[in-house]
Each structure stands twice: as structure tokens, then as C-alpha cells.
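Here is a short report on contacts, charge pairs and the interface. Read it with the structure open.

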Amino acid sequence: MKKSERYFLAAGLLTALFLAFMVSPFASKAPDGLERVSENHGFNIQSGPVWHSSLIPGYVFPGIKNRILAKGLAGAAGTLCVFIIGFSFSYIINRRKKGKLSIVKRIKEEQPETKPAGIQEGNDNRNR
Amino acid sequence: MHIPDGFVSGQINAAAFAVTAAVGAVAVAKAKKSLKEKQVPLLGITAAFVFAAQMLNFPIAGGTSGHFLGALLAMILLGPLNGFLVMSIVITVQCLVFADGGITALGTNIFNMGLIAGLGGYVVFRFLLAVLPFIFKGGTLGDRDGKSNKAGEVREVISSDVSGSINMKNPERAGWLLPSVAVASWFSVVTASAFCALELALSGTSPFGIVFPAMVGVHSLIGIGEAVITTGVVSIVFAARPELVPVWGKVLRTRMGDN
């Protein structure tokens with residue numbers, strides 16, 4: 001990959017982090033489309049969340065009093081988290097494709113950690 | 001449009017979960033075979049951008065806000081199946097880490113905002129890209145020599161950089177990329193909201209006659225924001241580093257019926 005391409009990709013990631021950290025605390029707090037419709041038509045009574053172990057519920061970083069900082073940190077943490085999952089997922093898949101056997105065995109054990117993890121967790125929860 | 005727990009019935013959640021798991025499995029299998037090296041960082045960065053941009057709620061009419069979805073953007077940058085994987089990662093993290101969208105509705109949310117929003121938009125995108133040059137250029141669609149190319153530079157870039165084998169045979173098509181993206185991204189949000197409304201109605205949460213027009217109405221406004229952001233990002237990538245998007249070599253060359 002050329003240098004200019006690397007710079008462009010790095011700029012993309014920095015833009016995402018900037019948006020999440022600096023801009024998202026100032027985003028509109030009004031209810032979104034579905035929330036608005038559910039409020040207007042009286043079906044916004046939820047059963048309450050089933051999953052209680054979210055690390056950063058509601059995009060507010062826990063333990064930080066400043067709301068702007070809490071939301072910015074939550075956004076940056078989520079952006080990095082999603083980037084790392086997406087990058088390592090495609091990195092691992094690409095390595096496998098090339099048939100680099102030394103790494104394949106290790107990855108086979110790690111693989112549930114990458115992409116299908118979320119889906120499987122969803123499944124477990126549903127069966128509970 | 002993140003559906004919380006308790007809005008959609010168990011059967012629909014289970015069915016949507018089964019569909020998304022199956023599509024996810026196909027996407028992973030396909031990626032194992034054909035994911036290009038250039039797409040490795042791009043996949044992570046697209047996911048990061050979609051996540052960050054989804055946090056930026058913008059106000060629309062009547063004390064309501066909307067936010068970017070990004071499914072079509074991901075599919076345009078990475079191809080439909082990889083784009084679907086990006087959306088699955090984003091929505092799963094939102095659900096598990098940020099409690100945004102119910103865990104029981106995770107499959108349904110990935111179905112609506114990943115599969116339907118992405119595919120609904122992508123079908124429109126490919127259709128427009130195939131039809132618009134034909135309508136406006138009086139049938140130069142079959143002109144595989146690319147004689148009448150204003151977008152000659154674009155052709156140069158794509159043919160030299162994407163890969164040795166790709167030749168931009170149909171340069172007029174590149175000129176229609178952004179209009180197609182704009183219209184298709186509007187459709188992507190509206191289609192997703194229509195499916196969301198349908199699921200709510202089938203679950204008995206709200207009558208179809210009420211929830212369908214309400215959802216589609218609000219999201220046809222939100223779709224304008226989607227169109228602005230998606231078109232903006234695509235135009236930046238297309239102007240600056242189109243060779244980072246291997247998919248475009250194929251998309252922009254393809255003739256009608258080659259899909």
C-alpha cells in the first residue's frame with residue numbers, strides 16, 4: 001500500500017475519532033425517528049432492557065461528571081472498539097486466505113472473539 | 001431506528017436473527033475467499049466512521065432528530081457482503097456496549113439497518129448507475145470503447161490503480177456515481193423504516209395504518225441527511241483515492257444486465 005493511501009486511511013480514522021469525541025457531545029438530544037413515533041402513538045412503554053451488563057450505557061462514560069467529556073469519551077471508546085474489531089476481523093480473514101498456517105491454528109481458537117461473538121451472545125440471551 | 005426490547009414479537013426477532021446469521025455466515029465465507037488486502041484497513045475505518053457518524057443526531061422537524069445509518073455507504077465502499085459485516089459489527093457493539101437497541105431485537109436491528117437499508121439502497125444504486133447514463137446519453141451505454149469520455153482522468157486512475165486487469169470501459173458511468181448515491185441513500189433509510197414499521201405492525205405493537213405512514217414520513221426527512229453525508233463521503237473518497245475502493249472498478253464498468 002502506498003504512503004498516500006496510508007495517510008488517507010489514517011485521516012479517515014482521525015475524522016471518525018474527531019466526530020465521536022468532539023462533535024457527538026453537541027449532537028441533537030431530541031428523540032430520533034422511531035422514538036418520536038413510539039411516543040406519539042403510545043407504544044414507547046418498553047419491557048425494559050434485558051441486557052444489563054453494558055459497559056457504557058446510553059453513550060455516557062461512567063464515573064465522569066462532565067457530561068460533554070463523558071459522551072465524548074464514550075464516543076471515542078466506541079469508535080476505537082469498532083475499528084479494532086473490524087480491522088482485526090478483516091486482518092485475520094485476510095491472513096487465513098493467504099494460508100499462513102502458523103497463525104491459522106491460533107486464530108481458530110480466537111475466532112469466536114471476532115465477528116460472530118455478538119450474534120452468538122444475542123442467541124444465548126434469547127434462549128435464556 | 002434502534003428497536004428496543006419489547007417492541008417486536010419473539011417470532012419476528014427469531015426469524016430476523018436467523019436471516020442475519022445466515023447472511024453473516026455467507027458474508028464471512030465470501031470474505032475468506034475474496035477480501036482484498038486493501039480492504040483490510042478500509043473495513044475497520046468504515047466501521048469506525050459509521051459508528052461515529054451514527055452518534056451525530058441532527059434535528060429535523062417537530063422536536064425530532066435523525067441520525068446517519070451508513071449501511072449503503074459501507075456497501076458502496078466495500079461491496080454488499082462486507083458492508084453488511086461492517087453494519088453487523090457496529091450494531092452489535094452499540095447493543096452490547098452502549099445499550100442502544102435491545103438485545104432481543106439485535107437480529108431485527110441488524111436485519112433492518114444492515115441488510116434492508118444496505119440492500120434496499122444498493123439495488124437502487126446499481127439500477128440508477130445502469131440506467132441513468134443510458135437515459136441521458138441516448139444509448140452510449142453499450143459504448144465499450146469509451147470514446148466520448150469526459151471522465152477520462154477518472155478512467156486513468158481506476159484502470160491504472162485498482163488492478164492490472166480492470167479497465168474502465170464505461171467512463172460515462174462515473175459521472176453518475178454521485179447522483180445515484182444520493183438518491184439510493186435516501187431510499188435506503190426509507191426502506192429500512194418501512195420494514196421497521198411492518199415488524200411493529202406484525203408484532204401488534206401499533207396498527208399498520210398508523211405506524212407505517214408515521215415511520216416512513218419521519219424517515220423520508222432523515223433520509224435527506226443520509227443522502228448528504230453518504231454523497232459527501234463518497235465524493236471525497238472518489239476524488240482523492242478511488243483506488244482504495246476495489247469494488248468501484250467493477251461497479252463502474254458493469255453494463256446493464258451484468259450484475
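## Contacts of A:Leu34

Setting aside neighbours within four places in sequence, A:Leu34 touches B:Met1, B:His2, B:Ile3, B:Pro4, B:Cys196, B:Leu200, B:Met215 and B:His219. The model is predicted. A:Leu34 sits in helix 2 of chain A. Its relative accessibility is 2%. The cut-off for buried is under 20%, so A:Leu34 counts as buried.

A:Asn44 is 10 residues away along the chain, and the two C-alpha atoms are 9.4 Å apart.

## Salt bridges

How many salt bridges does a search of the whole structure find? Over all chains, the search gives three. In general, side chains of opposite charge can pair when their charged atoms come close.

One pair joins B:Lys38 and A:Glu5, at 3.7 Å from N to O. This pair crosses between chains. B:Lys38 lies in the loop between helix 1 (10–34) and helix 2 (39–54) of chain B. A:Glu5 lies in helix 1 (residues 3–23) of chain A. Is A:Glu5 buried or exposed? A:Glu5 has 1% relative accessibility and counts as buried.

Another pair is A:Arg36 with A:Glu39, where the closest N and O atoms are 3.9 Å apart. The cut-off for a salt bridge is 4 Å. Both residues belong to helix 2 (residues 33–40) of chain A. They are three residues apart, about one turn of the helix. A:Arg36 is buried, at 17% relative accessible area. A:Glu39 is partly exposed, at 41%.

In chain B, B:Glu243 pairs with B:Arg241. The closest N and O atoms of this pair are 2.3 Å apart. B:Glu243 has 2% relative accessibility, which counts as buried.

## The interface of chains A and B

The size of an interface is often given as the accessible area lost when the parts come together. Chain A and chain B bury about 5900 Å² between them. Carbon and sulfur atoms account for 75% of that area. Which elements of chain A give two or more residues to the side that touches chain B? They are helix 1, helix 2, helix 3 (67–98) and helix 5 (116–127). Helix 3 of chain A supplies the largest share of this side, 19 residues. By class, the residues of this side are 31 nonpolar, 24 polar and 11 charged.

The contact draws 66 residues from chain A and 75 residues from chain B. Between the two chains, 13 residue pairs are in polar contact, with both residues at pLDDT 80 or more. The rule finds one salt bridge across this interface.

## Chain A as a whole

From the N terminus on, its elements run α-α-α-α-α.

Chain A has 128 residues, and buried residues make up 39% of them. Take the contacts in chain A between residues at least 6 apart in sequence: 47% of these join residues at least 24 apart. Chain A exposes about 7700 Å².

Note on methods:
Residues are numbered from 1 along each chain as its sequence is written. Chains are lettered from A and ligands numbered from 1 in the order in which they are written. This is a predicted model: local features need pLDDT of at least 70, side-chain atom pairs count only at pLDDT 80 or more; totals for chains, interfaces and linings use all residues. Side-chain values use heavy atoms; hydrogens and water are left out. A salt bridge is a side-chain nitrogen of Lys or Arg within 4 Å of a carboxyl oxygen of Asp or Glu. Helices (H or I, at least four residues) and strands (E, at least two) are DSSP runs, numbered from the N terminus. Buried means under 20% relative accessible area, exposed over 50%, partly exposed in between (1.4 Å probe, protein chains only). Contact means heavy atoms within 4.5 Å. Buried area is the accessible area (1.4 Å probe) that two parts lose on being put together, summed over both. A polar contact is a pair of N or O atoms within 3.5 Å; within protein, one must be able to donate a hydrogen and the other to accept it, and residues adjacent in sequence count only if both atoms are side-chain atoms. Ala, Val, Leu, Ile, Met, Phe, Trp, Tyr, Cys and Pro count as nonpolar, Asp, Glu, Lys and Arg as charged, and the others, Gly among them, as polar. Accessible areas come from the Shrake-Rupley method with a 1.4 Å probe; for residues, only the protein chains shown count as cover.
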